[in-house]
Amino acid sequence: MDSRVIGVLGGGQLGRMLVEATNRRNIKVHILDAPSAPAKQISAHDSHIEGSFKDAAKIRELAKSCDVVTVEIEHVDTDVLEEIANQGVKVEPSWKTLQLIKDKFSQKAFLGRHGVPTAESVDLGVTEVEEVKEVGKRLGYPFMLKSKTEAYDGRGNYVVKSEGDVEDGIKALGARPLYAERWAAFEMELAVMVVKTKDGTLSYPTVETVHEDSICKLVYAPARRVSPATAKRAQEMAEKAVGAFEGKGVFGVEMFLLKNGELLVNEIAPRPHNSGHYTIEACPISQYDAHARTILDLPIPKEGLELRCPAIMLNILGGKTTDSHVDIAKKADEVGGATTHLYGKGEARKGRKMGHITVTAPTMSDAEKRIQPLIDAVDEQSG
Ligand code: ATP
Ligand code: MG
Ligand code: MG
């Protein structure tokens, strides 16, 4: 048994899948979140901390019982993490990395300084309608109005299609600091999970992600219809981007592949990521196992990150009824090669991530055939 203890800020589905991986290794994890949080449901001991991962006092309390503190979400108080790091508690990845990444605009500026291409982004001061219209002239329409902070599942994004949309966009995103981003007319979206270790970076294969209404819907591993050269370029760009940040951990790198073959980094998540769920079934070392290993300085043979077989991951969102996600899971029981993950979130809200299904098969086209009835069922629920 590894006697070291990992502390996690947040106990949602990512924390839950991290605990699934650490349970198998006899590694103890203390979660800071509400008592019924998904991660706590599968980890019975008295050392979890009850409270919000945004509460400084609770973070200090968690740190006291842990050897290394990590996060399942980047929207955290990095000042407290800096404080506990200064007192000798390991924080991985570094609080500096979390601070840079949790503000999407500062993240993009940082990537730019390190030679990683991103969509052109313009800082908005007080977000006056006229100012944003001026920016619209410069970026052209459509462009994306984005919240700098607290953004996930597209909830901080607004597509501004014309000057007439500017006012609605500002209203929709509320009184948050915003920035504007040039539209990326992408051919497809790619993602790479990168593991940052004490020695450097390693990457999982390049996968293709499909988003609907700005929420990840499907992940194809490996990416379909992408040349080996492009897949390699994406891995290299992802490793370069993650290599620029301090600390250890897994990182999800989302990218746009433009029609001219150019790659842009969309954003980076400093933690396990939706686009890496497929690794649980498709790779010897899952992204969760890799995260635990790297923050504890345990070995990660690079073969452990290779695909054993093609895989497709389908997210299950809250649908028309409070338990429509359970109906989808039942359908998946009949599909060969399907593994279902429900997150223990209770009643569904529309659009909330309730679970996911990964289908593996000897070939990608077999996997596509197998998963199609489940995609149809998900479309029916969301329609
Ligand atoms: P996540 O849940 O991945 O953290 P998020 O809320 O941070 O999502 P983004 O990753 O910024 O949102 O955007 C979500 C999706 O919206 C992207 O995957 C892409 O499909 C689309 N999108 C974002 N920015 C642009 C852009 N500049 N041009 C075109 N499409 C975009
Ligand atoms: Mg994001
Ligand atoms: Mg994203």
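## Close-up views of a predicted model

View 1. Let us begin with a residue at the end of a strand: L317 is placed in strand β16, which covers residues 311–317. This and every other view shows a predicted model. Is L317 buried, partly exposed or exposed? Its relative accessibility is 27%, so L317 counts as partly exposed. Leaving aside residues up to four places away in sequence, L317 touches I215, G351, R352, K353 and M354. For a sense of scale, pick out G136 as well: 181 residues separate L317 and G136 along the chain, and their C-alpha atoms are 33 Å apart.

**View 2. The magnesium ion called ligand 3.** Which residues hold this ion? The magnesium ion (ligand 3) is coordinated by E254 and E267. E254 counts as buried because its relative accessibility is 12%, and buried means under 20%.

View 3. E267, found in strand β15, bridges the magnesium ion (ligand 2) and the magnesium ion (ligand 3). How far apart do the two bridged ions lie? The separation between them is 3.7 Å.

**View 4. Ligand 1 and the residues around it.** Here 20 residues surround ligand 1, and the closest are K146, D153, G154, E189 and E254. In one pair, an oxygen atom of ligand 1 lies 2.7 Å from a backbone N or O atom of D153. In another, the side chain of E189 places an N or O atom 2.6 Å from an oxygen atom of ligand 1. H211 also takes part through its side chain, with an N or O atom 3.3 Å from an oxygen atom of the ligand. How much of ligand 1 does the protein bury? Taken alone, ligand 1 exposes 610 Å², and the protein buries 94% of that.

**View 5. What the shell around ligand 1 is made of.** Several strands contribute: β7 (143–147), β9 (178–182), β10 (186–196), β14 and β15 each supply at least two residues of the shell. Sorted by class, the shell holds eight charged, seven nonpolar and five polar residues.

**View 6. Glutamate E74 and its partner R271.** Where is E74 placed? Look in the loop between β4 (68–71) and α4 (78–86). With a relative accessibility of 7%, E74 counts as buried. The side chains of E74 and R271 are joined by a polar contact of 2.5 Å. Not counting residues up to four places away in sequence, E74 touches K102, P270 and R271.

**View 7. Helix α6 from end to end.** D103 caps the N-terminal end of α6, with a side-chain oxygen 2.8 Å from the backbone nitrogen of F105. Which residues are buried in this helix (residues 104–113)? They are K104, F105, Q107, K108, F110 and L111. An α-helix has 3.6 residues a turn, so residues three or four places apart point the same way. Just after α6 comes G115, which takes a positive phi of about 75 degrees.

Conventions. Residues are numbered from 1 along each chain as its sequence is written. Chains are lettered from A and ligands numbered from 1 in the order in which they are written. This is a predicted model: local features need pLDDT of at least 70, side-chain atom pairs count only at pLDDT 80 or more; totals for chains, interfaces and linings use all residues. Side-chain values use heavy atoms; hydrogens and water are left out. Donors are N, O and S atoms within 2.8 Å of the metal (3.2 Å for Na, K and Ca); water is not among the atoms, so sites may look incomplete. Buried means under 20% relative accessible area, exposed over 50%, partly exposed in between (1.4 Å probe, protein chains only). Helices (H or I, at least four residues) and strands (E, at least two) are DSSP runs, numbered from the N terminus. Contact means heavy atoms within 4.5 Å. A residue is near a molecule or strand if one of its heavy atoms lies within 4 Å of it. A polar contact is a pair of N or O atoms within 3.5 Å; within protein, one must be able to donate a hydrogen and the other to accept it, and residues adjacent in sequence count only if both atoms are side-chain atoms. Accessible areas come from the Shrake-Rupley method with a 1.4 Å probe; for residues, only the protein chains shown count as cover. Ala, Val, Leu, Ile, Met, Phe, Trp, Tyr, Cys and Pro count as nonpolar, Asp, Glu, Lys and Arg as charged, and the others, Gly among them, as polar.
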